[in-house]
Protein chains: 2
Amino acid sequence: MDYEHMPPRELRNLIREEKITKHTSGMCAGYAQANLAVLPAEYAYDFLLFAQRNPKSCPVLEVSDRGSRFLKTIAPGADIARDIPRYRIYRDGTLDGEYTDVSAFWRDDFVSFLIGCSFSFEAELLAAGIPVRHIEEDKNVPMYVTGIDCESAGIFRGKMVVSMRPVPPEFVVRAVQVTASMPRVHGAPVHIGDPERIGIKDIARPDFGDSVTIRAGEIPVFWACGVTPQSVIMSARPSIAITHAPGHMLVTDVRNDLLKY
Amino acid sequence: MDYEHMPPRELRNLIREEKITKHTSGMCAGYAQANLAVLPAEYAYDFLLFAQRNPKSCPVLEVSDRGSRFLKTIAPGADIARDIPRYRIYRDGTLDGEYTDVSAFWRDDFVSFLIGCSFSFEAELLAAGIPVRHIEEDKNVPMYVTGIDCESAGIFRGKMVVSMRPVPPEFVVRAVQVTASMPRVHGAPVHIGDPERIGIKDIARPDFGDSVTIRAGEIPVFWACGVTPQSVIMSARPSIAITHAPGHMLVTDVRNDLLKY
């Protein structure tokens, strides 16, 4: 099957039928993919406020109505509880299990947050002729916990997690321009250059993901990362939270182009 | 006193001392001014969700902590209950009174929403050489209730209110570019041209503000307006809501330039 050129609705149907259970990287090229965080309503205000205060780490694409498994804007017709290939359920901040369908766990006080994902801006970086090292090396992007405090909101607080892409000096300006134009998928970098300035001790040892080659003269460029809200949710230890499994995203009907200003 | 070139903090101190009680138009040139909406916490989630779903009408610059009269980001040191020249209190959706100080009414369940204001992008339009008719004619901007439904959120629902500025044809593209670069103060227009397409029957009779001259060949350009959230709050009839009085804004420490992407 040609997942790369499949319309998102068709792909989501295959996922719903559990004919696809693997990660969604490269699927439905040109369409935005989204991170999922599902929380009971009692936590929803604090989390939405956290997102408002930390838009680079937590750019919200859509919030479901309370109890609803459906989305109106980014993926009409999608079933939040079935159209992601793999989910994780956390209880009191601890991973409790992985599932390909979470409809059996759904509650009428659940609120779903769909959050922008850097897959969208990586496609634009590549289109602009900017190399993306972890894609070249077929690895996961390297991610680091920084010393930068997020703005806290109620029970949600913590350090910003960033992703890093080494950029040849002649492409750094363009990389800022391309990503700055996409604030709903993390936007402009938060830092360019010296990792220590943002509290990263060893660039060769990421906290999440894989280490990638940094060639002589290349500049490490750091973007706010969608792992930040996940990490902040885990630390807050809500009674239950459902997320996508890493790399297993919701494929939306929104073209990356429409995420640009 | 030269209010136009005064630092915001100094101006806010004069307002707090009630030495300034008039509208803030033209004060602290270059700094963003903000709309205020204060609601009891029970309404805060629905309102924040309304803002998330309607970012052009309701671009949130900052949300206070519950009960707090202070802001951390856009105006550190400001007192929300005293640093705006004139407030309005609404009870059950009906205007109950105007005050220069609302500290006596403050409750520990109040949440304050500071919302971006088109004053910021008008300064940028003028700087780009684009005429702004209602400023030329020393009037209030004309505003219209459209047929465009806002995305509802809980108790908050209603039609989008837009402001209109007639733009000479040679400036229309630039007017889009200038305002599109400022999404936190309403951003790009929602419509260009034929008023009927968005449900406006008579361009000469605005629902709020003043009618302005549209010269031969000029194109009416429509932007989402901060009156939308006010109108939506009034329709929802919360037990109490506090807003700024029209034109009497919070002058922030944020330079308009920093609201650009």
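Chain B can be laid on chain A by a turn of 180° and a shift of 0.0 Å along the axis, with an RMSD of 0.0 Å. The two copies are thus related as by a two-fold rotation axis. The same surface serves both copies: 100% of the contact residues of chain B recur in chain A. Within chain B, B:Tyr45 comes closest to the rotation axis, with its C-alpha at 2.5 Å.

This is a predicted model. The predictor gives the complex an ipTM of 0.88 and a pTM of 0.92. Chain A averages a pLDDT of 95, and 100% of the residues score at least 70. Where pLDDT is low, the predicted coordinates should not be read in detail.

**The interface**

The contact involves 11 residues of chain B and 11 residues of chain A. Which elements of chain B supply at least two residues each to the side that touches chain A? They are helix H2 (41-53) and strand E2 (60-63). H2(B) gives the most, with 5 residues. The table sorts the side of chain B that touches chain A by class.

| Class | Side of chain B that touches chain A |
|---|---|
| Nonpolar | 9 residues |
| Polar | 2 residues |
| Charged | no residues |

**The nonpolar core**

The largest nonpolar core has 148 residues. Four of them touch the most other members: A:Leu48, A:Val162, B:Leu48 and B:Val162. The largest share of this core, 8 residues, comes from H2(B). H2(B) is also the element that gives the most to the side of chain B that touches chain A. In soluble globular proteins, nonpolar side chains tend to be buried together.

What does B:Val162 touch, not counting residues up to four places away in sequence? Its contacts are B:Met143, B:Tyr144, B:Thr146, B:Val190, B:Phe222, B:Trp223, B:Ala224 and B:Cys225.

**A sheet in chain A**

In chain A, 4 strands form an open sheet. Their order is E6-E7-E9-E8, and the pairing is antiparallel. Strand E6 (143-149) and strand E8 (191-192) of chain A stand at the edges. Each has a single partner strand, so one side of each is left without a neighbour in the sheet. Strands of a sheet pair through backbone hydrogen bonds, either parallel or antiparallel.

E6(A) pairs with strand E7 (residues 159-167) of chain A over 4 bridges, in the antiparallel sense. What stands opposite A:Asp149 in E7(A)? The residue is A:Lys159.

Definitions and conventions. Residues numbered from 1 in each chain as written. Chains lettered and ligands numbered in written order. Predicted model: local features only at pLDDT ≥ 70, side-chain atom pairs only at ≥ 80, totals over all residues. Least-squares fit on C-alpha atoms with pLDDT ≥ 70 in both. Contact = placed C-beta atoms within 7 Å. Nonpolar A, V, L, I, M, F, W, Y, C, P; charged D, E, K, R; others polar. Core = buried A, V, L, I, M, F, W, Y, C linked by C-beta atoms within 7 Å. Buried ≥ 20, exposed ≤ 12 C-beta atoms within 10 Å, placed from the backbone. pLDDT = per-residue confidence, 0-100. Pairing = 2+ DSSP bridges.
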